[in-house]
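Please read them with the structure open.

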Amino acid sequence: MSLDANERPNQPIVKFESMLKTDDVYFFDAEDFEDIIHHYLNNGKISLAKKAITIGLRQHPDSISLKLLDVEVLVFENNLEVAEQLLDKLQLLDGSNEEIYIQRANIYSKKDNHEAAVVLLKKALDLANNSMDIHSLLGMEYLFMDNFELAKQSFMQCVSFDESDYSSLYNVIYCFEFLEDYEGAIHYLNEYLEGNPYCEVAWHQLGKQYFSKKMYKEALAAFDFAIISDDSFIGAYFEKGKVLEKMGKYSEAIESYETTISIEDPTSHAYLRIGKCHEKLNNTEMAKYYYYHTVHEDPLLDKGWLAITDFYYRLEKYEKSLYYINKALNIDGENPLYWKRAAKIYGALKNYIESDVAYKQTVELGNYELDTWLSWAHVVIQNGELDAAIQILIQGIEFYPENATIPYTLAGLYLETNNKIEARLHLVNALQLNFDQLSVFEESYPQFSSSPWVKNIIDDRNRASS
């Protein structure tokens, strides 16, 4: 039994879902089917969208719009060959329909041919009346191609069409940031705010740009305007707290972070920042209280475990510090920061064997920082393994060939092992890299610094440079 939709006063989606539950068949306009299908696609209900497409095409077999929605679903499900075949037929029927080119562009994008996608989207742009969505798609294609300048221009077009398109506004600022054009971002946001003075999103983004340039007073003012525009904007309160921390206003920063907790459920990040502020204020017990709340709220937040570890390390409670870094390692044994902290703590406990193991694990997991190599070598030296320390520093020098600290240290170690040839090579290299650091060598190896052999090398270097 076929019933006209007008006999059912309910909304199209309600009527459609009612139809699916009964044996009744309702008639819908093609536009109603489009609304129904868009609703399901926007809500990720693909199977219901496909049912609506099937029934819609049964009632309106000549509807190009419904066929294009069928193509959209085919592309989404990676049935690209079938989608292209259908697009070929549709193009013969309506070669000036921009949606055909948009869907072809989506197919090329899926195939990672973003240059071809851009060409097709530009063709769609020539045909379209409302081009905002196409500019957004173009922006995304340019992002895939790492062309941030053109991506920025495309998203700017979207914002010019719709000033409340905050997704595009975020993308514009993302492009500015990637191009490290913070001045450009500030100028753009200030211009935008002239026409939208109560846009909390723009004020928030402007504050972040000022923060990145260490313009803390301006950043603070921007976040305050964001809060004036929306006094429940948690992100603005949180960023304001970070600015106040940088300005040394820790009590005010705590108030800002606590506001985020009062507005919404507390977060581990807020607890962590509050803990750090209390530690700066020497409120030791309060700092500890919030650090424990941090890891309770999110046991997987590495910064929380590191905060507790470092808290006890600064208090020289190394056993407790070791206990908490081991808890962190039990959660994530692949985290090089955890292993580096463990190595540092073992070193403070004079357990150099375990410290050596931890530093080795740190490097194997990809931490190649300069102080990692130097600290590891120092620990091995404490174990009396000079040859092993030399090998560690030789690895380190590959990552930091322009740093003088490593060759100065190597020169001293080679002298201790009585290898004057290698010692000379590294000492000459170190002197060339940074003569001013010679004092560090002299302090570390006083037994060699005054020897005639070393003095001759220094004199030779001075003569060569004069």
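1. A salt bridge here is a side-chain nitrogen of Lys or Arg within 4 Å of a carboxyl oxygen of Asp or Glu. By that criterion, a search of the whole structure gives 13 salt bridges. The model is predicted, so local features need pLDDT of at least 70 and side-chain atom pairs count only at pLDDT 80 or more, while totals for chains, interfaces and linings use all residues. Residues are numbered from 1 along each chain as its sequence is written, and side-chain values use heavy atoms, with hydrogens and water left out.

2. Helix H9 (residues 148-161) holds both Glu149 and Lys152, three residues apart, about one turn of the helix. Helices are DSSP runs of H or I with at least four residues, numbered from the N terminus. Glu149 and Lys152 form a salt bridge, with the closest N and O atoms 3.2 Å apart. For accessibility, buried means under 20% relative accessible area, exposed over 50%, and partly exposed in between (1.4 Å probe, protein chains only). Lys152 is buried at 8%, whereas Glu149, at 36%, is partly exposed.

3. In helix H14 (residues 234-246), Glu239 and Lys242 are three residues apart, which is about one helical turn. Their side chains meet in a salt bridge at 3.5 Å, N to O. Lys242 counts as partly exposed, at 27%.

4. Which residue forms a salt bridge with Lys288? The partner is Glu285, and the closest N and O atoms are 3.5 Å apart. Both lie in helix H17 (residues 284-297), three residues apart and so separated by about one helical turn. Glu285 is exposed, with a relative accessible area of 53%. Lys288 is partly exposed, with 24%.

5. Is His135 buried or exposed? The residue has a relative accessible area of 12% and is therefore classed as buried. His135 sits in helix H8 (residues 132-144). Leaving aside residues up to four places away in sequence, His135 touches Leu125, Ser154, Gln157, Cys158 and Phe161. Contact means heavy atoms within 4.5 Å.

Notes. Helix = DSSP H or I, 4+ residues; strand = E, 2+ residues; numbered from the N terminus.
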